[in-house]
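Hi there,

Here is the structure I promised to pass on. Have a look at it first, and then read on for what turned up.

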Amino acid sequence: MKADIIIKEEIKKQLNKRPLLLDGAMGTMLQTYGLKPGECPEEWNISHPQVITKIHQEYINAGADIILTNTFGASKIKLSNFGLVNDMVKINESAVKIAKEAINKERGSKKRIFIGGSVGPTGKILEPYGDLKISEVYKNYQEQVVILEKVGVDLIILETFYDLEEIRAALKATKENTNLMVIASLTFDQNLKTIYGVSPEKAVTVLESEGTDGIGANCGTGPEVLYEVLKMMKKVSQTYLLVEPNAGIPEFIEGKIIYPVSPKIMADYTEKFIQLGVNMIGGCCGTTPLHIKAMSDKIKNNLMVM
Ligand SMILES: [Zn+2]
C-alpha cells in the first residue's frame with residue numbers, strides 16, 4: 001500500500017530526531033493475567049481481547065511510542081501447534097484492531113503511536129537438519145505480513161530469531177510483498193552468538209545487504225549482554241538499531257518465576273543504549289509497564305540535556 005511508504009518516511013524522520021520507545025513484554029504480562037502454560041497467547045486476541053487492549057493501554061500510558069501487536073506466534077506454522085491454522089487471518093486481524101482501539105482510547109496522549117507487527121520464528125528446523133523447506137517458511141511469513149499490512153500495522157518487527165536463514169526468508173517475504181518498514185532482531189546468548197552460532201556482525205552484514213531497514217537484538221538475556229551485542233552491531237551497521245532486553249534471566253524462586261532486572265536498571269541501560277546510538281529501545285520477557293515508564297522518563301531527561 002502506498003500509504004505505508006509515507007508512514008515509513010514518517011518513522012524514519014522521527015528516528016532521525018530521537019530514540020523511539022517500544023513497549024515491554026506481552027507474553028509474560030499475559031501470564032500474569034492468567035494465560036496457562038501450553039495455551040496459545042495469540043488466541044487471546046479472540047477470546048480475551050479486553051486483556052490485550054488493557055496491556056497496550058498500560059504501555060501507551062507508560063510512554064511507549066511503538067506498541068507491538070500480539071502476533072509473535074500468529075503465523076500458520078506456529079499456530080499449527082495449537083490446531084489454529086484456520087484462525088490465522090482472524091487472529092492477526094483482531095490483533096491489529098485491538099492495538100488501534102487501545103491507541104484510540106488513549107487519544108489524550110496526543111502524540112503519534114505506531115503499531116509494530118510482531119513476527120516471530122516458526123520454532124521448526126529448516127532443511128537439511130530438519131524437514132522444513134525454505135519455500136514453506138517464505139510462504140508462512142508472506143501470508144502473515146500481507147494481512148498485517150492490510151489491517152494497518154505501521155511497521156514489521158521480526159523478533160527473537162536465531163536461524164539466519166529463517167529470518168532472511170521472513171525479511172524477503174516482507175520486502176517483496178509489502179511496503180512496510182521492517183526491522184530484523186535476533187536473540188543472542190552470553191557467548192554473544194545466537195544458538196545457531198550467528199554473530200552480531202554477520203547478522204548485520206547479511207540482513208542489511210538484503211535490505212532490512214533496521215537490525216537489533218531482543219530476548220534471551222538481560223541488558224548487559226545485549227549492550228555488548230549492540231556495541232558489536234553498531235561498529236558495522238549502516239541502518240537503525242533496535243534493542244529489547246529481557247528483564248534479566250528468570251530465576252525460579254519459591255515456586256515463582258522472577259525476573260531480576262528492575263525498572264531502575266533498565267532505565268540506566270536505556271541511557272547507555274542512547275549514548276551508543278540505539279534508535280529503538282524497548283523490553284522483552286519480564287519487562288512491565290513500570291520498566292517502560294522508567295525508560296520513558298530516562299529518554300525524556302536525555303532529550304532535555306541533548
Ligand atoms: Zn523475550
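The largest nonpolar core has 80 residues, and Ile-156, Leu-158, Leu-230 and Phe-273 have the most contacts inside it. A nonpolar core here is a set of buried Ala, Val, Leu, Ile, Met, Phe, Trp, Tyr and Cys residues joined through side-chain atoms within 4.5 Å. Buried means under 20% relative accessible area, exposed over 50%, and partly exposed in between (1.4 Å probe, protein chains only). A second, separate core of 15 residues includes Ile-11, Leu-15, Ile-183 and Met-280.

Please keep in mind that this is a predicted model: local features need pLDDT of at least 70, side-chain atom pairs count only at pLDDT 80 or more, and totals for chains, interfaces and linings use all residues. Residues are numbered from 1 along each chain as its sequence is written, and side-chain values use heavy atoms, with hydrogens and water left out.

Next, the metal. Cys-219, Cys-284 and Cys-285 coordinate the zinc ion through their SG atoms at 2.2 to 2.3 Å. Donors are N, O and S atoms within 2.8 Å of the metal (3.2 Å for Na, K and Ca); water is not among the atoms, so sites may look incomplete. Along the chain, the zinc donors are spaced C-x64-C-C. Cys-219 is buried at 12% relative accessibility, whereas Cys-285 is partly exposed at 24%.

As for disulfides (pairs of cysteine sulfur atoms within 2.5 Å), the whole structure has zero. Cys-40 is buried, at 6% relative accessible area, and its sulfur is 15 Å from the closest cysteine sulfur, in Cys-285, so the two are too far apart for a bond.

Best wishes
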